[in-house]
Every structure is written in C-alpha cells, then in structure tokens.
Amino acid sequence: MASAISRTLAAARVASTSIGGGLRSNAVSARYGASFNRPQPEAAARCLSNAARPNEKDRKFRVHAVSLYHGDYTDPEDEDDGAWDDKEAIPNAKSLVDPKDVRRMDEEEESTWWLYDGTEESRDALATMRLKEAQKQRWIENASPPIRVSEIDERGRAYGRGSRKTAQARVWIQPGQGEIVVNRKDFVTYFPRESDREHILGPFVASQTCGQFDVTAVVKGGGLTGQAGAIRLGLARALEKYNPDYRPPMKRHGFMTRDPRMVERKKVGRVKARKSPQWVRR
C-alpha cells in the first residue's frame with residue numbers, strides 16, 4: 001500500500017513539473033486523501049488551457065506590442081511601385097500668384113540680381129530698396145488727380161453749395177438764357193451794388209459761358225457781401241459738376257477755393273476786435 005501511494009505521488013509530482021501549476025493542486029489533494037478516479041486526459045487539457053490563458057499583467061503590457069524592423073519593403077517585381085514619400089507635392093509658388101505680379105517680380109529680380117549675393121547686408125539693402133520703391137509708387141498714385149465726371153440730375157441740372165463768412169448758398173444751374181434768380185428775386189434787385197454782381201458773375205467769365213445757363217440760388221445768413229461770395233463759390237462748383245473741363249480756368253482765378261476769412265470776435269476792453277476806445281487825458 002505504501003509503495004502504491006509513493007508511486008502516485010511521484011507521478012503527480014512529474015505531471016506538475018511538466019505541465020505547470022495546474023496539476024499542483026491535484027497533487028496536494030492526492031497527498032491528503034483526495035480521490036484519484038478523475039481521468040488524467042481531462043485534467044491535462046484543463047491545465048493546458050489555464051497555461052495558455054494570458055495573465056492580466058501580460059495582457060496589459062503586450063496586447064498592443066508590435067515588432068517593426070527596418071528594411072526595404074518594396075516589391076522588386078513591381079516596377080510601378082515607387083518609394084514611399086511622406087511629403088506632399090507642393091505646387092510652384094508662382095502658380096498661385098497673379099501673372100502680372102509674377103512678371104513684375106521677374107523684372108524686379110532681373111534688375112536687382114547684382115545687389116543680392118546671399119549675405120545679410122545684401123538682403124537688408126534689397127528690402128530697403130523695395131520699401132522705397134513701394135513708397136514712391138504710393139506717392140505717385142496719391143499725387144495723380146482724381147477722375148472727375150459730370151453729375152447732372154434727371155432734370156438736367158447741376159448742383160453746387162457754397163459758403164462765405166456766415167452765409168450759406170445752394171445753387172442750381174441748367175442750360176438757358178442766362179436768367180439768375182436769388183431767393184425768388186431778380187439778380188439785379190437782390191444785389192443793388194454792382195461790385196456784388198460782378199463778384200457773382202466771375203465763374204461765368206472764367207469759363208466763358210456767359211448767358212448759357214439759368215441760375216437758381218437759395219441763400220441765407222450773413223450780409224450781401226457774404227451772400228455774394230457764397231453764391232459765387234456754389235456757382236463755380238455747379239459749373240464743375242456740369243462739365244469738369246471748366247475747372248482749370250476757374251481754379252487759376254481762385255473761384256474754386258473757399259475764402260476762410262471770418263469776422264474776428266470782439267475783445268474785452270476794446271470797442272471792436274482791434275479798435276480801442278478814445279483816450280482822454282483828464
């Protein structure tokens with residue numbers, strides 16, 4: 001009996017050593033009197049399945065592990081399979097620019113090739129020269145006179161507004177017989193002084209259009225002299241709106257410039273702006 005038990009324990013020890021920790025519990029249970037009627041193939045299969053099941057620690061660290069080796073993976077038999085290129089094809093920078101700008105850049109490069117030799121000083125000199133050229137181009141564009149066009153309403157009239165001192169005038173002109181109406185009154189009746197009338201007719205004389213336009217003016221504020229100056233400025237601006245070609249002669253005579261002179265305010269201790277009171281000895 002003792003020899004039989006020793007042989008059983010030896011077999012269990014060998015099985016636990018060869019298969020793994022799965023049969024160790026069976027050997028312990030057999031040592032303390034557990035039944036040995038369990039078939040051995042089933043126990044061996046169960047132990048093998050437990051051994052094949054990965055441990056939690058191994059699954060945590062090895063489930064995503066992939067071994068990559070450096071080498072040439074191109075197919076030598078496939079001629080169309082080219083080398084892998086991570087960089088995308090970058091289009092030519094000049095293909096994204098306006099053709100006029102490309103031509104201008106090429107001309108600038110040809111004219112400044114002698115200045116650039118790859119050093120930092122040459123780059124700074126080239127940048128400074130380009131900045132000056134851009135500034136000069138802006139000056140030329142700003143110095144060019146604006147394009148003026150005729151501004152005539154649906155009734156064939158041109159409008160101009162003028163001011164002088166505290167007087168404000170609105171003037172409309174249209175082709176006619178030369179009639180001038182100021183505040184619904186005749187021109188001669190409204191301005192009795194001949195100097196005021198000559199002052200108003202100055203733009204017609206400069207543009208050589210006397211008797212070709214009818215004038216309707218609405219003026220308010222100031223005196224007759226200020227109102228005459230306001231009507232003259234409004235009339236000159238209306239003639240310019242009707243035909244921009246009238247502007248140069250009127251500009252030469254100063255009819256297009258607003259007179260900035262205003263009445264000077266009275267000062268304290270003076271009779272007027274500059275006049276002092278009469279001095280008395282005693």
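The model is predicted: local features need pLDDT of at least 70, side-chain atom pairs count only at pLDDT 80 or more, and totals for chains, interfaces and linings use all residues. Residues are numbered from 1 along each chain as its sequence is written, and side-chain values use heavy atoms, with hydrogens and water left out.

**The sheet.** Begin with the open, mixed sheet, in which five strands follow the order S1-S2-S5-S3-S4. Strands are DSSP runs of E with at least two residues, helices are runs of H or I with at least four, and both are numbered from the N terminus; two strands pair if DSSP finds at least two bridges between them. Strands S1 (158-164) and S4 (185-186) stand at the edges.

Select S1 together with S2 (residues 167-175), its antiparallel neighbour, joined to it by seven bridges. Arginine 161 has arginine 170 as its bridge partner in S2. In the turn, lysine 165 has a positive phi of about 55°.

**The helix.** Next, show helix H10 (residues 224-242), which packs on the sheet and touches S1, S2, S3 (180-182) and S5 (213-220); contact means heavy atoms within 4.5 Å.

**Salt bridges.** A salt bridge is a side-chain nitrogen of Lys or Arg within 4 Å of a carboxyl oxygen of Asp or Glu. Select lysine 241 and glutamate 151, whose closest N and O atoms are 3.8 Å apart. Lysine 241 lies in H10, and glutamate 151 in the loop between helix H6 (120-143) and S1. Finish with the salt-bridge network that links Arg148, Glu240 and Arg247.

Notes
Axes are lines fitted to C-alpha atoms, for helices over the stretch in contact, and angles run from 0 to 180 degrees between N-to-C directions.
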